[in-house]
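Hi everyone, thanks for coming.

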Amino acid sequence: MAGTGGSRSQEAKAEELCIRFVNTMAWRLRRPQEERLPTPEALLRWLGANGLAEEAQLARIAPDRAAELHAAALALREAIYGAFRALIAGAAPAAEDLAVLNARLAGPGAELVPEGGGVAWRPGPAGPPGLLRPIALSAAALLTGPRAGRVRQCQDAQGCGWLFIDESRAQNRRWCSMGDCGNRAKASRHRARLRARA
C-alpha cells in the first residue's frame, strides 16, 4: 500500500521493476496524491537503490541533465501506469502512452556489465537517459508477457491505487498488501459488524 509498512516494503522488493517504478506515486486514487520522486535527487536515489546505476555514476550527472532525466522519468512512469490501467479495464493502451514507452525502448539505453560475480546496469554511451531503458524494458516484457492479465490495482478504500501482480491461485487478490491495505480493510469490516450488533 502507499504507506510504509514493513510487510509492504518486502513485497515491493519482489515486484517487477516497472511496477515498483509506477508505485513511486502513492495514493493514486485520492487527492492529494503523494509524489515519492519529487526532485531529480530523489529519482537518482531511487535509481541507485534499484540497481540501475552505481552511486558514483549518479553523482556525475550534471544538474541540468538530472532535471531532464527527472522530467523524462515522470513521463515514462505515467505512460506505463496508463498502459496498465487500460489493460486492467480491458482496453487497449492509449497510443500516446505507447509512444512514450517506445521512445525509451528505441532510444539510447543502458548496458549490462559484469559486477561482483553478477550483472548490473550501467548508463550507455548516451548518458543519463539510458538509465530509464531498463524500466521501459521491464514494462514492455510485462505488458506483452503471460502475466499482463494478472496486473491489478489495489482496491483499498482509502485510495492506495498501487499496482501489483496477482499471483494468487484463484486470481482474486484485491490489495497490494495483506499486511497493510488488506488488514485495514478487514479491520474496517470488523468495526462495521461490531457497530451493527450494538
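Let's start at Pro 32, which is found in the loop between β1 (25-26) and β2 (34-35); strands here are DSSP runs of E with at least two residues, helices are runs of H or I with at least four, and both are numbered from the N terminus. The peptide bond that leads from Arg 31 into Pro 32 is cis, with omega near 0°. Before going on, a word on the source: this is a predicted model, where local features need pLDDT of at least 70 and side-chain atom pairs count only at pLDDT 80 or more, while totals for chains, interfaces and linings use all residues. Residues are numbered from 1 along each chain as its sequence is written, and side-chain values use heavy atoms, with hydrogens and water left out.

Trp 27 is in the loop between β1 and β2 too. Its phi is positive, about 55°, although Trp 27 is not a glycine. For background, most residues other than glycine have a negative phi, and most peptide bonds are trans. Is Trp 27 buried or exposed? With a relative accessible area of 8%, Trp 27 is buried; buried means under 20%, exposed over 50%, and partly exposed in between, using a 1.4 Å probe and protein chains only. The charged end of Arg 30 sits over the ring of Trp 27, 4.0 Å from its centre. To count, CZ of Arg or NZ of Lys must be within 6 Å of the ring centre and within 35 degrees of the ring normal. Arg 28 likewise lies over the face of Tyr 81, at 3.8 Å from the ring centre.

Now let's step back. The protein chain has eight helices and six strands, and buried residues make up 44% of its 198 residues.

Which aromatic rings pair up? The search of the whole structure finds one aromatic pair: Phe 21 and Trp 46, tilted, at 5.2 Å centre to centre and 50° between the planes. Rings of Phe, Tyr and Trp (its six-membered ring) pair if their centres lie within 6.5 Å; planes under 30 degrees apart are stacked, over 60 edge-to-face, and the rest tilted. Phe 21 lies in α2 (residues 17-22) and Trp 46 in α3 (residues 40-49), so the pair ties together parts that are 25 residues apart in sequence. Both Phe 21 and Trp 46 are buried.

Stay with α3 for a moment. Its buried residues are Pro 40, Ala 42, Leu 43, Leu 44, Trp 46 and Leu 47. Among the elements covering them are α2, α4 (55-59), α5 (63-88) and α7 (133-144). After α3 comes Gly 51, with a positive phi near 75°.

Finally, find Ile 61, in the loop between α4 and α5. Ile 61 counts as buried, because its relative accessibility is 15%. Leaving out residues up to four places away in sequence, Ile 61 touches Leu 44, Ala 66, Pro 128 and Leu 131, where contact means heavy atoms within 4.5 Å. Ile 61 and Leu 44 are 17 residues apart in sequence, and 9.2 Å apart in space from C-alpha to C-alpha.

That's my tour, so over to you for questions.
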